Amino acid sequence: MVERLQDRVAVITGGGSGIGLASARRLAAEGAKVVVADVDAEAGKAAAESVGGLFVQVDVTDEEQVRALFQTTVDTYGAVDVAFNNAGISPPDDDSILTTGIEAWRRVQEVNLTSVYLCSKHAIGHMVERGRGSVINTASFVATMGAATSQISYTASKGGVLAMTRELGVQFARQGVRVNALSPGPVNTPLLRELFAKDPERAARRLVHVPLGRFAEPEEIAAAVAFLASDDSSFMTASNFLVDGGISGAYVTPL
Ligand SMILES: NC(=O)c1ccc[n+]([C@@H]2O[C@H](COP(=O)([O-])OP(=O)(O)OC[C@H]3O[C@@H](n4cnc5c(N)ncnc54)[C@H](O)[C@@H]3O)[C@@H](O)[C@H]2O)c1
């Protein structure tokens with residue numbers, strides 16, 4: 001493995017599971033010191049231990065906890081070089097706009113969008129001080145495309161992540177801080193499995209649109225995270241990096 005992240009410090013929210021866990025492993029394998037931040041203490045601790053990193057229990061919707069996460073990182077390792085703002089939820093009660101209640105709407109906005117505002121705010125402050133940093137915000141291909149199998153608050157939250165990321169990338173470009181959105185297609189993680197186990201028709205309706213004919217594995221998204229975290233992506237900022245098996249480019253897919 002090329003060690004592109006030697007001596008870099010990476011904070012990963014939602015690092016206990018799925019894309020975050022695979023990214024913790026990949027960034028550590030490339031030499032980074034990894035801080036796993038997750039609301040789930042058991043999963044987060046296990047993830048951090050498996051990569052020789054630090055676990056911080058955080059609810060990413062709580063500003064004080066988010067501020068403390070980045071301060072603890074700086075106090076422990078001296079810097080924040082990479083912030084992978086990835087924690088998110090996709091609950092079954094977020095569905096069609098006609099049936100989704102305000103409570104489900106707000107919960108998804110808080111965890112998926114307000115969290116990215118808080119994490120970007122408290123990471124970028126430290127990065128600007130050192131004139132260096134890479135922020136990666138997890139959006140989704142649904143920020144770019146409409147789905148008839150609706151999750152209305154989720155989609156709106158990811159659209160917000162995309163627009164906020166573009167603005168931050170432009171604002172901080174000349175201060176050495178790059179900010180990019182990562183937009184995965186459907187990925188084989190607990191989040192997706194939970195949703196589709198309850199509704200196989202929903203899974204089949206989605207799969208037919210993926211030109212590569214399958215869902216992504218978390219490791220394939222982690223490879224993109226490592227690229228965006230490293231200096232190999234040094235001329236990229238304010239971008240929407242789609243890793244979607246070709247969905248967003250497709251009209252008719254192969255049989
Ligand atoms: N799986 C997919 O198909 C897919 C596709 C596109 C985008 N995404 C996005 O990728 C990101 C990761 O998704 P995943 O599939 O790996 O999910 P996952 O459910 O496997 O992992 C999410 C992690 O986030 C943590 N988390 C949830 N709420 C939190 C909170 N309030 N504070 C701190 N941590 C919290 C969970 O404990 C969990 O460890 C999410 O933002 C998701 O929207 C996923």
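Biologist: A polar backbone atom of which residue is 2.8 Å from an oxygen atom of the ligand?

Modeller: Start with the idea of a polar contact: a pair of N or O atoms within 3.5 Å, where pairs within protein also need one atom able to donate a hydrogen and the other to accept it, and residues adjacent in sequence count only if both atoms are side-chain atoms. Here the residue is Ile19, whose polar backbone atom lies 2.8 Å from a ligand oxygen. Keep in mind that this is a predicted model, where local features need pLDDT of at least 70, side-chain atom pairs count only at pLDDT 80 or more, and totals for chains, interfaces and linings use all residues. Residues are numbered from 1 along each chain as its sequence is written, and side-chain values use heavy atoms, leaving out hydrogens and water.

Biologist: Which residues come nearest to the ligand?

Modeller: A residue counts as near if one of its heavy atoms lies within 4 Å of the molecule or strand in question. The ligand has 29 residues around it, and Ser17, Asp38, Tyr154, Val187 and Thr189 come nearest. For Asp38, an N or O atom of the side chain is 2.6 Å from a ligand oxygen.

Biologist: Now the helices: at what angle do the axes of H4 and H5 cross?

Modeller: Helices are DSSP runs of H or I with at least four residues (strands are E runs of at least two), numbered from the N terminus. Axes are lines fitted to C-alpha atoms, for helices over the stretch in contact, with angles from 0 to 180 degrees between N-to-C directions. The axes of H4 (residues 102–130) and H5 (residues 152–172) cross at roughly 15° and come within 8 Å. H4 and H5 are therefore roughly parallel (under 35 degrees; over 145 is roughly antiparallel, 65 to 115 roughly perpendicular, the rest oblique).

Biologist: Which residues in H4 and H5 meet?

Modeller: Contact means heavy atoms within 4.5 Å. Among them, Trp105, Leu113 and Tyr117 are on the H4 side, and Tyr154, Met164 and Phe172 are on the H5 side.

Biologist: How do H6 and H7 pack?

Modeller: H6 (residues 190–197) and H7 (residues 200–207) pack at about 120°, with axes 6 Å apart, and are therefore oblique to each other. Leu195, Phe196 and Ala197 in H6 meet Pro200, Arg202, Ala203 and Arg206 in H7.

Biologist: And where do H3 and H4 stand, at what angle?

Modeller: H3 (residues 63–77) and H4 have axes that come within 9 Å and cross at roughly 30°. That makes H3 roughly parallel to H4.
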